[in-house]
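Here is a short report on one protein structure. Look at the sequence and the model first, then read on.

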Amino acid sequence: MTTKALSRPLSPGDTIGILGGGQLGRMLALAAAPLGLKTHILCPDPDSPAFEVASSYTVAGYDDVSALDIFAAAVDVVTYEFENVPGPTAAHLAERVCVRPGPKALAVSQDRLNEKTFLREAGVPVADYARIDAAGDIASALAELGGTGILKTRRMGYDGKGQVLLRAEADAAAAFQQIGKTPSILEAFVPFEREVSVIAARAVDGTVRAYDVAENVHRDHILKTSTVPAALDAQLAAEARAMAERIADQLDYVGVIGVEMFVLPQGSASRLVVNEIAPRVHNSGHWTQDACLVSQFEQHVRAIAGWPLGSAERHSDVVMENLIGDEVERWQEILRDPASALHLYGKSDTRAGRKMGHVNRICPQRA
Ligand code: AMP
């Protein structure tokens with residue numbers, strides 16, 4: 001596959017193409033505007049929240065080759081807000097326009113087996129795992145992994161979808177059936193004490209900056225809150241950031257990356273295991289919008305534009321809370337709180353489990 005490089009950094013007035021029109025695309029477009037950059041969103045959903053804040057948009061499927069060609073000709077660089085960009089779409093675009101982050105990041109993050117293999121080779125600790133191609137692979141793998149494991153589809157799993165918890169006595173055939181009899185991995189169950197994540201950015205020149213570690217709480221498999229700083233000792237927090245930086249380096253990455261990790265007890269101390277990586281801006285990085293000079297969205301725009309990264313330093317303590325489903329109706333009460341910054345995604349339809357917005361509650365750091 002030939003991939004087009006960007007021969008020069010973008011200039012104000014240039015256009016960033018974004019695949020995907022959800023809230024992440026919307027917040028990327030909002031961050032590009034003050035830097036004088038235009039955005040063009042391509043998304044099949046005519047009701048995309050990103051459309052109303054972008055300079056232009058195209059409603060088209062990711063497999064619509066003529067729409068992709070027109071899109072590629074209209075933009076100066078392409079990025080994406082979701083990791084499941086179909087391989088042929090990314091390849092088609094990459095022959096015509098620079099796509100950042102590049103193909104390696106997509107190939108690694110779209111397939112849990114590739115992801116685990118890559119992380120292990122990069123010297124990053126991951127939970128033990130086994131490749132599962134058929135129900136018959138499960139029993140012996142489960143025994144080897146200590147009797148409890150999580151069966152995860154290799155592709156298209158997110159927010160706990162495509163996963164089954166298995167114990168020793170589990171019915172392997174039923175579990176395999178439940179995840180659609182599709183190529184999978186079985187991962188050792190990790191008795192974590194907390195979940196954390198690191199958002200890092202890497203520039204074209206190889207500069208890497210990681211934000212502070214966020215501590216994440218999920219509800220019904222959906223991120224509910226991110227609290228920063230996380231309750232980790234300084235050494236473990238530095239290790240977490242160094243891991244994210246190493247991953248970005250090893251992927252020869254350009255842009256913002258999210259790295260999700262588990263914190264495990266180890267005697268009286270703790271250790272980290274990386275769960276997964278997301279080659280994009282990440283929900284657990286929304287706190288950076290109000291607690292840092294440069295948000296993850298601006299940082300991503302700077303990186304893919306070939307510009308220098310901004311500061312990733314945090315000036316405030318913060319709790320980010322996702323507003324899910326009808327929680328968005330609390331918007332007036334949130335507006336009355338002087339410590340809260342409200343971010344709504346402009347989605348017309350409120351549905352249970354749908355991310356409608358978020359709030360960053362700020363507590364300035366004492367000197
Ligand atoms: P994932 O889709 O891999 O992010 O997993 C969704 C959630 O399932 C995680 O946020 C964890 O709460 C839980 N989980 C995933 N993998 C493991 C594991 N190996 N051990 C224990 N819990 C896990």
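## Aromatic pairs and an enclosed helix

W287 counts as buried, at 1% relative accessibility. The cut-off for buried is under 20%. Keep in mind that this is a predicted model.

A search of the whole structure finds four aromatic pairs. One of them joins F192 and F262, and this pair is stacked. The ring centres are 4.7 Å apart, with 5° between the planes. F192 sits in the loop between β8 (184-188) and β9 (194-202), while F262 belongs to strand β13 (residues 255-266), so the pair ties together parts that are 70 residues apart in sequence. F192 is partly exposed, whereas F262 is buried.

W287 pairs with Y211. Their ring centres lie 6.0 Å apart and the planes meet at 85°, so this pair is edge-to-face. Y211 is in the loop between β10 (208-210) and β11 (214-219), and W287 is in the loop between β14 (269-278) and α9 (288-291), so parts 76 residues apart in sequence are tied together.

The table lists the relative accessible area of the residues in these pairs.

| Residue | Relative accessible area | Class |
|---|---|---|
| F192 | 36% | partly exposed |
| F262 | 9% | buried |
| Y211 | 0% | buried |
| W287 | 1% | buried |

Now turn to a helix.

Terms used
Residues numbered from 1 in each chain as written. Predicted model: local features only at pLDDT ≥ 70, side-chain atom pairs only at ≥ 80, totals over all residues. Heavy atoms only, no water. Phe/Tyr/Trp six-rings, centres within 6.5 Å; stacked < 30°, edge-to-face > 60°. Helix = DSSP H or I, 4+ residues; strand = E, 2+ residues; numbered from the N terminus. Buried < 20%, exposed > 50% of the residue type's maximum accessible area, 1.4 Å probe, protein only.
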